[in-house]
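I shall take you through a few local features of the model now coming up on the screen.

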Amino acid sequence: FNVIDALTVLTLGITFVCRMTGLAAEEEKAQAALNAAQIGLSYTCVLVGLRFLPFLQHSTTLGPLVGVILDMCGLLAVFLLVMAVIFTGFIIGLHGLLATSDESYSSYGDTILTLFTSALGDFDLSVEVVSNPQLETAAILMLVIFLLMAMLLLLNLLIAFMADAYQHVSEDKDKAF
């Protein structure tokens, strides 16, 4: 029994409760409960698919690939922790600079979404802070620093983690199979 099993049982339980609530509730509440059940079932399917990964480890052709994937998951957790710490600083900083003047940074949720899409390459440096040109310069500089860190440093770190996991599994492939 591991984390994936626990999450699968939990999402199935929540899906079941939402489905039963949706069948017995009024029309407006029923639709919301049925939507929640559909979302829960979708996530349950993903978790069940992940649960079948360890069964593929016994194959001589797919075993090394699954080993790389499982090793990468452990390294990915470390990478996501580092990235979350860095993102949090930039989220708070940019929200503080641009919350009152730019709609993309008006809430923490909008700031998170904007920075996430920026890290993936969809960014716009046209920040307009009408009241204060110094804030505009500081915000653009902070965005450029964020993009450099996100694209160059963090993504290269992620690639290095993945290459290390692949090399580790490749070295042990002959012993395991």
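**A surface patch and an aromatic cluster**

F123, L125, V144, L148, L152 and L153 make a nonpolar surface patch of about 510 Å². This is a predicted model, in which local features need pLDDT of at least 70, side-chain atom pairs count only at pLDDT 80 or more, and totals for chains, interfaces and linings use all residues. Residues are numbered from 1 along each chain as its sequence is written, and side-chain values use heavy atoms, with hydrogens and water left out.

Areas come from the Shrake-Rupley method with a 1.4 Å probe, and for residues only the protein chains shown count as cover.

V144 belongs to helix 5 (residues 133-176); helices are DSSP runs of H or I, at least four residues, numbered from the N terminus. V144 counts as partly exposed because its relative accessibility is 31%, where buried means under 20%, exposed over 50%, and partly exposed in between.

Let us turn to the aromatic rings. Three aromatic pairs are counted, with ring centres within 6.5 Å (planes under 30 degrees apart are stacked, over 60 edge-to-face, the rest tilted). In F87 and F146 the centres are 5.0 Å apart and the planes at 65 degrees, so this pair is edge-to-face. The pair links distant parts of the chain, F87 in helix 3 and F146 in helix 5, 59 residues apart. Both F87 and F146 are buried, and together with F90 they form one aromatic cluster.

Methods: Patch = residues over 30% accessible without salt bridge, like charges linked within 9 Å, V, L, I, M, F, W, Y side chains within 5 Å. Salt bridge = Lys/Arg side-chain N within 4 Å of Asp/Glu carboxyl O. Helix = DSSP H or I, 4+ residues; strand = E, 2+ residues; numbered from the N terminus. Buried < 20%, exposed > 50% of the residue type's maximum accessible area, 1.4 Å probe, protein only. Phe/Tyr/Trp six-rings, centres within 6.5 Å; stacked < 30°, edge-to-face > 60°.
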